[in-house]
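Hi everyone, thanks for making the time. I'd like to walk you through one structure today, so please have a look at it with me.

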Amino acid sequence: MRIPFLLFALILISCLTVWADDQQLSQNSHIIAEAQSKQQMARHLALANAQITPNQQQFDVTYYELDLFPDVETHVLYGSVLMQARALSENLSHVEVNFLDNMQVDSVFVNGALAQATHADDLLSIPLDRNYAAGELFETRVVYHGLPAQTGFGAFDFGTLNGKPMVWTLSEPFGARNWWPCKDVPADKADSVDIKVTVRSDLIVASNGLLKEKIVQDDRTTYWWQERYPITTYLVSLAIHPYFTYSDWYVTLQNDSMEVQFYVFPQNVNRVRDNYAKTVPMLETLSELFGEYPFINEKYGHAKFIWGGGGMEHQTITSLAGYSESLIVHELAHQWWGNMVTCETFHDIWLNEGFATYLDGLSCEEGIGYTSWSNWKSSKINHVTGNNYGSTYVYDTSYVWNIFSSRLVYSKGALLLHMLRWKLGDEDFFNAIMDYIS
């Protein structure tokens, strides 16, 4: 019997069965570190900045092209962002995109013609060249520069490591607007994105999708990455450093092959190799359980970055601060839950983080994880039952500590899924998961 995933909501139980076995909470350290870092990254965003405007509900973005030059000497980001979109309502006369006020807008174009836009309250309001009917397409381009604002630990950072530039981004939940103008809401995925980044030739740029072209001119190199799967704004990523790079290969369920790319700090290569070698077996296990890796025509990879802790599941190119097995499988699991299937709002962020945490547990059950299955369950139970309150659903997303609660969103979300599995039985549970993901 196949049970649609929506029926899950009918059998959610507020109390969780407590299994035996004691385990130290250290097993949860990577999700606690990740949650705390994401909390810090988001904490300075005003509630007004986190909401979709009425105007943004009237158009759908289909494509972005980012053309960027992050100047590592002056710490100024120069950018040009093209947006193609479709009107969803009649008589659409202007569009509003999210872009922080500290960034300088140099010029705005609509369908190639110069336009006079208004930039205030972290919104860029662009008048269109005429009123558009529902279904009609239009194009804007914004040319800009500035030093992207820091929101806690993330968004966009001109950093250094061992005296070398280390430029990185982490835009979840609403940090894309810090460094590029966009409709910055998780519900509106662009169908595809081109990301062109020009850097000093001693630097390497890792980003989403496939590398279409690498253009060397004098002392500059342009990396042209193409993402051809739908992607939301907070998953667009840059990681820039004089990386050491190497690859592994994943053999797909159809006996094809996909490259798995690693962008590593040169001094860390020997430290990370053993755990990175487990990425392909993890890909094999998760694909067997939940269907083929969702971005199979592109790649998967890791890019090291300097961050408070944990990692970030950027689409096709996870950013990793650590290198533990549990962290690697957690971020890989997000490629299914969080990237291919994305929550419409951050009220339901547990559907990203709870699933990814549970798949970390399933890797332990399958014998490729970092601890035993019983120890994994015990560690999560101890984490959740340390307090006796709270829901996985985030009622108040203005309080960012709720959005990335390691206890409720990560650990309780994972145990909620295990409880559903216990209630349904393995066959119906995994069938329901496949219904949901398809």
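At what angle do helix α3 and helix α4 pack, and how far apart are their axes? Before I answer, a quick reminder that this is a predicted model. Now the answer: α3, residues 279-290, and α4, residues 325-333, pack at about 45°, and their axes are 10 Å apart. An angle between 35 and 65 degrees counts as oblique, and α3 and α4 are therefore oblique to each other. As for handedness, the crossing of these two helices is right-handed.

If you'd like to colour the contact on your own screens, pick Thr279, Met282, Leu283 and Leu286 from α3. Their counterparts in α4 are Glu325, Ile328, Val329, Leu332 and Ala333. By class, the contact of α3 with α4 has seven nonpolar residues, one polar and one charged.

α8 passes α9 in a right-handed crossing.

Who meets whom there? On the α8 side we find Leu417, Leu420, Arg421 and Leu424, and on the α9 side Asp426, Asp428, Phe429 and Phe430. This contact of α8 with α9 holds five nonpolar and three charged residues, with no polar ones.

Keep α8 in view, please, as we turn to pockets. Which element gives the largest share of the lining of the second largest pocket? That is α8, with four residues. The lining splits into seven nonpolar, six polar and one charged.

And the largest pocket? About 360 Å³ of space lies in that one. Of its 19 lining residues, Ile52, Val185, Ala187, Glu344 and Thr345 are the closest to the centre. The class count for the lining of the largest pocket is nine nonpolar, six polar and four charged.

I'll show you the second largest cavity, with about 40 Å³ of space. Its lining is made up of Val81, Met83, Val97, Ile126, Thr140, Val142 and Pro181. The strands β2 (76-87) and β8 (137-146) each give two or more residues to that lining. Six of the lining residues of this cavity are nonpolar and one is polar, while none is charged.

Is the peptide bond from glutamate 172 to proline 173 cis or trans? The bond is cis, with omega near 0°. You'll find proline 173 in the loop between β10 (164-170) and β11 (192-200). The other detail is asparagine 111, in the loop between β4 (104-110) and β5 (113-115). Asparagine 111 has a positive phi of about 50°, although it is not a glycine.

That's my tour, and I'm happy to go back to any view you'd like.

Methods:
Residues are numbered from 1 along each chain as its sequence is written. This is a predicted model: local features need pLDDT of at least 70, side-chain atom pairs count only at pLDDT 80 or more; totals for chains, interfaces and linings use all residues. Side-chain values use heavy atoms; hydrogens and water are left out. On a 1 Å grid over the protein atoms alone, a cavity is a set of points where a 1.4 Å probe fits but cannot get out, and a pocket is an open set with protein on both sides within 12 Å along at least five of seven lines; lining residues have an atom within 4 Å of a point. Grid points are joined across faces, edges and corners, and a volume is the space filled by probe spheres set on the points. Ala, Val, Leu, Ile, Met, Phe, Trp, Tyr, Cys and Pro count as nonpolar, Asp, Glu, Lys and Arg as charged, and the others, Gly among them, as polar. A crossing is left-handed if the near helix is turned anticlockwise from the far one by less than a right angle, and right-handed if clockwise. Contact means heavy atoms within 4.5 Å. Axes are lines fitted to C-alpha atoms, for helices over the stretch in contact, and angles run from 0 to 180 degrees between N-to-C directions. Angles under 35 degrees count as roughly parallel, over 145 as roughly antiparallel, 65 to 115 as roughly perpendicular and the rest as oblique.
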